[in-house]
Amino acid sequence: NPASGRNQPILNVLNDVFSEADLRWQVSVTQRDQPIRDLAQDALDRDADLIAVYGGDGTIMEVARGMIGSEVPLAILPGGTANALSLALGIPGDLDAACRLIAGGESRIRAVDVGRVQEGFFLVAVGIGIPGDLIASGDRDEKDRFGALSYLVRALQSLSRAEVSRYLITLDDERVETEGVTCIIANAGSFGVPGLSLAEGIYLDDGLLDVLVLRNTDVRGIASIVGNLARGGAMVQEVAEPATRDEPSAMQHWQAARVVVETDPAQAMQVDGELSEAGTVQVAVIPGAIRVLVPAGASGDEA
């Protein structure tokens, strides 16, 4: 996807690595008026052994959408601003190194969950509130200069002026009512900054979604989050099990296979970096929906 976050030539790298490995390969370039998932479906129809995608998290999700249920593996060549998914899977950020996983490098296939939201899908997360506002106000020059850190800086700046919303959350068959400034329904724990994660215990292959609500936006709470990030910790202070469903804290954390979130007032929403309409959000996990090529030594999600 040439519209993704990085502006660098890639064909020479692909040609050098794949020619050295004697691989037959073809390139399709995304077009504004063509659904990306159609390109994946075309490759499947041509009996491709593997489908690789170069782009950001949104592009990767659109390709994966066309591969749900297929036994053909997906290879990720990180080319976006945040590359949260590749970080969570331990895939090298360097294009040459990522290509060599395809060309006979030490790799394995990992079955990865996919989240379904409304009529769409996601691999990383659905963000309600601050994450949606960040996408809506995103600046391309800022992303080019600072990469994924631009999201982090914006998020911390937004915390002090965020308005509190009421969330009515259905977690499988239980209902929880709470207040907060943002709600994140995560499939992956990474948000694109190496070494930093949303919370402990978020995995791409556990058949569960992780629901996080940030409740505390006072100065002390913001300072705690910033200090923890600076030390290389997670955004959430709880480092053991997720909080119980009736235990309030600055960041609440639950797990469920099916989630419904109702907000009052309505908030902006983003799905894997793409802005969407807010309202009642219905989410479910599809366990092991796609197969992804990852490094053989990768231990899984770093969260």
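View 1. Because six of the six residues of the strand, which covers residues 209–214, are buried, β9 is largely enclosed by the rest of the structure.

**View 2. Pairing of β9 with β8 and β10.** Strand β8 (residues 182–186) runs antiparallel to β9 and is joined to it by five bridges, with Ile 185 having Val 211 as its bridge partner in β9. Strand β10 (residues 251–256) also pairs with β9 in the antiparallel sense, here over six bridges, and in this pairing His 253 of β10 stands opposite Leu 212.

**View 3. A nonpolar patch on the surface formed by Leu 11, Val 27 and Val 29.** Together these three residues have about 260 Å² of accessible area. Val 29 lies in the loop between α1 (11–20) and α2 (36–45), and it counts as partly exposed because its relative accessibility is 45%.

**View 4. Confidence along the protein.** The mean pLDDT of the protein is 80, with 72% of its residues reaching 70 or more; confidence is highest in strand β14 (residues 281–295), at a mean of 96, and lowest in helix α7 (residues 140–146), at 49. Over residues 132–138 the pLDDT is below 50, although the model has 19 contacts for this stretch beyond near neighbours in sequence. Residues 229–243 likewise stay under 50 in pLDDT, with 34 contacts beyond four places in sequence. Where pLDDT is low, predicted coordinates should not be read in detail.

Conventions
Residues numbered from 1 in each chain as written. Predicted model: local features only at pLDDT ≥ 70, side-chain atom pairs only at ≥ 80, totals over all residues. Heavy atoms only, no water. Patch = residues over 30% accessible without salt bridge, like charges linked within 9 Å, V, L, I, M, F, W, Y side chains within 5 Å. Areas by Shrake-Rupley, 256 points an atom, 1.4 Å probe, with all protein chains shown as cover. Salt bridge = Lys/Arg side-chain N within 4 Å of Asp/Glu carboxyl O. Helix = DSSP H or I, 4+ residues; strand = E, 2+ residues; numbered from the N terminus. Buried < 20%, exposed > 50% of the residue type's maximum accessible area, 1.4 Å probe, protein only. Pairing = 2+ DSSP bridges. pLDDT = per-residue confidence, 0-100. Contact = heavy atoms within 4.5 Å.
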